[in-house]
Amino acid sequence: MRLLPIKDPERSWRQIKAQWKKDAEGVGEDFATFGGISAFEALTAREGDSQGLYHLTDGERVHSVCQVRRLLMSRYSAPALSARYVNVSPIYDLGLTDISNYGQMLVTLFSGVVWLSRDALSANHIRFLLKSPGDSQFFAALKAVTPSSPFSKFTVEGALIECSLKETTGSSPGVVAS
């Protein structure tokens, strides 16, 4: 799966919603009642291309959508990435796939945000807002301090993951150790 920008937010969101609506209605659920959908819909309707909307896809199915933005925050000396408004396909919310697939999808989404911080949206710090505090269980292993970890700091409080990437000596912002 890959985390990719949504190029034409309004049209792409209609296509994603159509796929997700079909998934929900296939098991007798009303797609209109899914939480978070209206917030993401409002983002897709905004003018301009600065919304920072991304989708996690395997090429056939969109598994999740979120907003990722590069921001200056007073707590950091360099830009940080903020990932929020995570919405997942009804196949996860309705239990059409098992919990391990849900956890793997969330970790893959987070990994995509880390990749963006190393590439297109250069940043040394990430703030990733999960759907709920219960989702933090899938990230417990990343809290362990190990020499091979890409993080100099990794915390989870409630539904918020905050992490800083290790910098290489003499690097510019966004260049991190591998």
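This is a predicted model: local features need pLDDT of at least 70, side-chain atom pairs count only at pLDDT 80 or more; totals for chains, interfaces and linings use all residues.

User: What makes Trp 13 and Trp 20 an aromatic pair that is edge-to-face?

Analyst: The structure holds 9 aromatic pairs. In the one formed by Trp 13 and Trp 20, the centres lie 6.1 Å apart and the planes make 85°. Trp 13 and Trp 20 are each buried.

User: Why is the pair of Phe 110 and Phe 154 called edge-to-face?

Analyst: Its planes stand at 90°, with the ring centres 6.0 Å apart, so the pair is edge-to-face.

User: What makes this a link between distant parts of the chain?

Analyst: Phe 110 belongs to helix α4 (residues 99-118), whereas Phe 154 belongs to strand β6 (residues 151-157), and 44 residues separate the two. Both Phe 110 and Phe 154 are buried. They also belong to one aromatic cluster, together with Phe 128, Phe 139 and Phe 151.

User: How do you know that strand β3 is mostly covered?

Analyst: Of the 10 residues in β3 (residues 62-71), 7 are buried. Buried here means under 20% relative accessible area.

User: What shows that β3 pairs with strand β2 and with strand β4?

Analyst: Two strands pair if there are at least two bridges between them. One of the bridge partners is Cys 66 in β3, which faces Tyr 54. For β3 and β4 (residues 80-88) there are 7 bridges, again antiparallel, so they pair as well. On that side, Arg 69 stands opposite Ser 82 in β4.

User: Why are β1 and β6 said to stand at the edges?

Analyst: The open sheet has 7 strands in the order β1-β2-β3-β4-β5-β7-β6, with mixed pairing. β1 (2-5) and β6 each have a single partner strand, so one side of each is left without a neighbour in the sheet. From one strand to the next, the twist averages 20°. The partner of β1 is β2, through 4 antiparallel bridges, and Leu 4 has His 55 in β2 as its bridge partner.

User: Which strands does helix α1 touch?

Analyst: Helix α1 (residues 9-25) packs on the sheet and touches β2, β3 and β4, its direction making about 145° with that of β3.

Notes
Residues are numbered from 1 along each chain as its sequence is written. Side-chain values use heavy atoms; hydrogens and water are left out. Rings of Phe, Tyr and Trp (its six-membered ring) pair if their centres lie within 6.5 Å; planes under 30 degrees apart count as stacked, over 60 as edge-to-face and the rest as tilted. Buried means under 20% relative accessible area, exposed over 50%, partly exposed in between (1.4 Å probe, protein chains only). Axes are lines fitted to C-alpha atoms, for helices over the stretch in contact, and angles run from 0 to 180 degrees between N-to-C directions. Contact means heavy atoms within 4.5 Å.
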